[in-house]
Amino acid sequence: MTIETTRSEDPAGSHSVAVVHLIRRGNPDRFLRRFLSSYATHPAGLPHDPVFLLKGFDEAEATRLQRRISKRVGHPSFIRIDDQGFDIGAYKYAAERLEHMFVVFLNSHSEILCDRWLARLISAFSSHPDAGIAGAAGNWETLDAGIPFPNVHLRSNAFAVRRLDFLALDFGPLDTKRACNEFEAGPRSMTHQMLERGLQPYVVGRDGSVFAKEGWPESGTFRSGRQENLLVADNRTRDFAEGSTRHRQKVAGLSWGERSRPAPLGIVERAAVALRRLLTGRF
């Protein structure tokens with residue numbers, strides 16, 4: 001995997017937190033527009049170095065993209081890699097190239113939802129000394145029948161971790177999508193490996209609350225209530241938010257079993273679901 005790193009000059013020097021956002025060449029441009037808009041709209045509340053992972057772009061494309069991002073984001077750094085492999089492998093290589101104490105990974109579907117989002121996420125490590133990893137979304141869902149429920153794991157769409165703890169994990173081959181799913185939610189997931197070391201996974205809400213794994217079903221974050229306490233959205237949280245009552249109940253049940261409590265759709269939400277079905281032809 002080829003990596004080229006470009007850093008903008010920052011007169012303030014580097015910080016202890018790197019926020020790493022993945023940009024994949026094959027994705028629609030609206031993904032990047034949505035992220036950049038949310039990043040500009042919601043102050044992080046904590047000094048950090050923004051790092052953009054440019055995956056699959058050739059040199060000319062990467063140069064244009066770097067110029068575009070540099071107009072919107074102060075002092076960004078860029079890591080350019082080829083399009084082989086999947087998100088987790090890219091995160092691993094980025095962590096190997098960085099020197100920060102903490103890394104925060106945001107996938108290409110990410111949309112920041114509130115001010116002080118980064119300060120709240122990193123606060124989990126100071127308020128909970130046993131924290132090994134903190135994220136915007138946790139899940140108990142199982143990958144297959146061979147993994148017992150609840151299968152406690154943090155989702156990899158938006159999470160913070162000490163960089164050296166992350167690099168000390170057993171990643172496995174990461175050469176297939178299934179292998180990456182296993183790293184997130186398999187028997188040797190990053191969450192399970194942290195638990196084996198006596199380190200805990202925490203979900204952080206928009207209101208600043210930090211939830212231990214037992215409290216995730218009622219946290220108001222991933223597939224919980226109306227997800228009103230969600231810190232960072234992605235494609236799967238949008239799938240829940242835009243789904244019918246039946247769909248919400250189904251996926252919430254997969255995540256939380258008997259403790260699933262998706263909020264019923266209001267009048268406006270029901271109308272929006274009906275309109276989407278009409279426009280897409282899905283009835």
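In β11, Ala 134 has Tyr 202 as its bridge partner. The model is a predicted one, in which local features need pLDDT of at least 70, side-chain atom pairs count only at pLDDT 80 or more, and totals for chains, interfaces and linings use all residues. Residues are numbered from 1 along each chain as its sequence is written, and side-chain values use heavy atoms, with hydrogens and water left out.

Strand β7 (residues 131-135) pairs with strand β11 (residues 200-204) in the parallel sense over four bridges; strands are DSSP runs of E, at least two residues, helices are runs of H or I, at least four, and both are numbered from the N terminus. Pairing requires at least two DSSP bridges between two strands. β7 also runs antiparallel to strand β10 (residues 158-162), joined to β10 by three bridges, and here Ala 134 is partnered by Ala 160. Five of the five residues of β7 are buried (under 20% relative accessible area, 1.4 Å probe, protein chains only).

Turning to helix α7 (residues 190-196), this is where Gln 193 sits. Gln 193 counts as buried because its relative accessibility is 4%. Beyond neighbours within four places in sequence, Gln 193 is in contact (heavy atoms within 4.5 Å) with Leu 169, Asp 170, Phe 183 and Arg 188. A polar atom of the Gln 193 side chain lies 2.9 Å from the backbone oxygen of Arg 188.

As for α6 (177-185), this helix supplies five residues to the lining of the largest pocket, the largest share.

Notes. Buried means under 20% relative accessible area, exposed over 50%, partly exposed in between (1.4 Å probe, protein chains only). A polar contact is a pair of N or O atoms within 3.5 Å; within protein, one must be able to donate a hydrogen and the other to accept it, and residues adjacent in sequence count only if both atoms are side-chain atoms.
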